[in-house]
Amino acid sequence: MRLPEEFISRMKTQLKESGVTEEGYWESFDETPLKGLRLNRAKVSEEDYEVVLGNLNESVDKVPWCASGFYTEAEAAGNDPYYHAGVYYPQEPSAMLPAEVMAAKPGDKVLDLCAAPGGKACRLGEDLKGEGLLIANEISENRAKALLRNIERMGISNCVILNETPERLAPRFSGYFDKILVDAPCSGEGMFRRDPAATKSWEKYGPVQCIALQKSIIEMAHLMLKPGGEMVYSTCTFCDGEDEIQIKEFIERHPEYSVIAHPEIEGVTHAGEDSVLPGSMRIWPHLTRGDGHFCVHLKKSEDADVEVSELEKIPSYKRKRSDNYGFGKSREALFEFMGTILNKDAAKAFKNDSNDNFVLHSGRVHLLNVEERLFNGLKVVKLGQYPGEIKNTSVERIFIPSHSLALAIKFDDIREDSVVSLSRDDDRLIRYLKGETIIVDFNEFPVLKKKGTIVIAVGKYPLGFGKITSDGSIKNQYPKAWRLL
């Protein structure tokens, strides 16, 4: 690979000063990029890892810095039912490090500030286990759409997706978040071998513009992090100006921050006390199995000052209890539908969890576990979980489920008469993913109901909804935008 001369000159100096061997580094740019997949812990239990990998014809080749990450030789298959069911997320192995370092916990309020396409945000959502709040923000409208699809496919229910600039978010969420991930836009030097066109972009723009942008983004993240909170900053570049020096200067401006070191994480290079930024981490492609990556974990002191949030100026209000669709009756329509899909205990738990989180906008139902006013005036792509919408007829209100609801349901919570579980190699799944009507034999599914909405699953992983009829035909409800061609 032809590398920019300026890049070569700088890296020779940087490698020498950081004490990292140059041997094998330049050759790594001509090696085949590694591929990985991360199993979705929101759906796949650890006991089932080997089963799922076996079904995928994958060996158990673990990524050392990610508990649910595995190396793969296969190309991402967009026609794989497991993929569409959110069983796994194709992700470059090095990109799995930042969310692992962040270690979000149930109940945390977490911000992924530069979230698209969503690999790290989905992992953060898995860690929250449906408790707390994940806000995934993406400044690009088109990339925010890809983020939405991935969040929904992976079944992350407690996520709000925003399409905003950090400057617009900072005054609203001053001192609000427990944890913030900044996977910053960068010069992409670690991606050179994966995308040869990246070298041309580097020659045109270089790291200089990125450094200024990163500085601005980190400052906005600082404003939104609560005292005692934690921030993870990462890039996929080698440039120390975008990485160690960028964070060193940030800490000099904000001495209330300190670095949390992670020597327990295997497979990465940990910066020592004599380095520019002790405790920071790097993945070097010639020293381990991954693309070039930088990551550092920061903690804000408990006694740090916080600006007053503009949220204080937005009046609090109770959730609307009536509108043209009838708030109470619409909520009951949702609960009635869930009773036809979920078993008795799961339906009761859903009702208890959703009763106070129910939000209705022109017939569209959202489940949101924080105050809706947080997002007033912001560009919202997804407002918490979107179960579906209410159709208002002359005699009743009918709930129409969304595809994302099917992907968020746990298989064990589904009624036995409301699910058709097919093996991954059953050709009916491909027909279903293409939007076709599929047929089942009631001898194959003896307890299956003869009418109404059911869940189609690949094994024990829900894939979408369909409507069964008495002759065994299942009317396809897989969304047109997601269908295989």
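**Close-up views of a predicted model**

**View 1. Strands β13 and β14 form a hairpin.** Two residues lie between the strands, and S362 in the turn has a positive phi of about 50 degrees. β13 (residues 358-361) and β14 (residues 364-367) pair in the antiparallel sense over four bridges; two strands pair if DSSP finds at least two bridges between them. L360 has V365 in β14 as its bridge partner. Helices (H or I, at least four residues) and strands (E, at least two) are DSSP runs, numbered from the N terminus.

This is a predicted model, in which local features need pLDDT of at least 70 and side-chain atom pairs count only at pLDDT 80 or more, while totals for chains, interfaces and linings use all residues. Residues are numbered from 1 along each chain as its sequence is written, and side-chain values use heavy atoms, with hydrogens and water left out.

**View 2. Y25 and F238 form an edge-to-face pair.** Their ring centres are 5.4 Å apart and their planes stand at 75 degrees. Rings of Phe, Tyr and Trp (its six-membered ring) pair if their centres lie within 6.5 Å; planes under 30 degrees apart count as stacked, over 60 as edge-to-face and the rest as tilted. Y25 belongs to helix α2 (residues 25-28), and F238 to the loop between β8 (225-235) and α10 (244-253), 213 residues apart.

**View 3. F238 and W284 are stacked.** Their ring centres are 5.6 Å apart, with planes at 10 degrees.

**View 4. Two arginines lie over aromatic rings.** R149 lies over the face of W482, 4.5 Å from the ring centre, and R153 over that of Y83, at 3.9 Å. A charge sits over a ring if NZ of Lys or CZ of Arg is within 6 Å of the ring centre and within 35 degrees of the ring normal.
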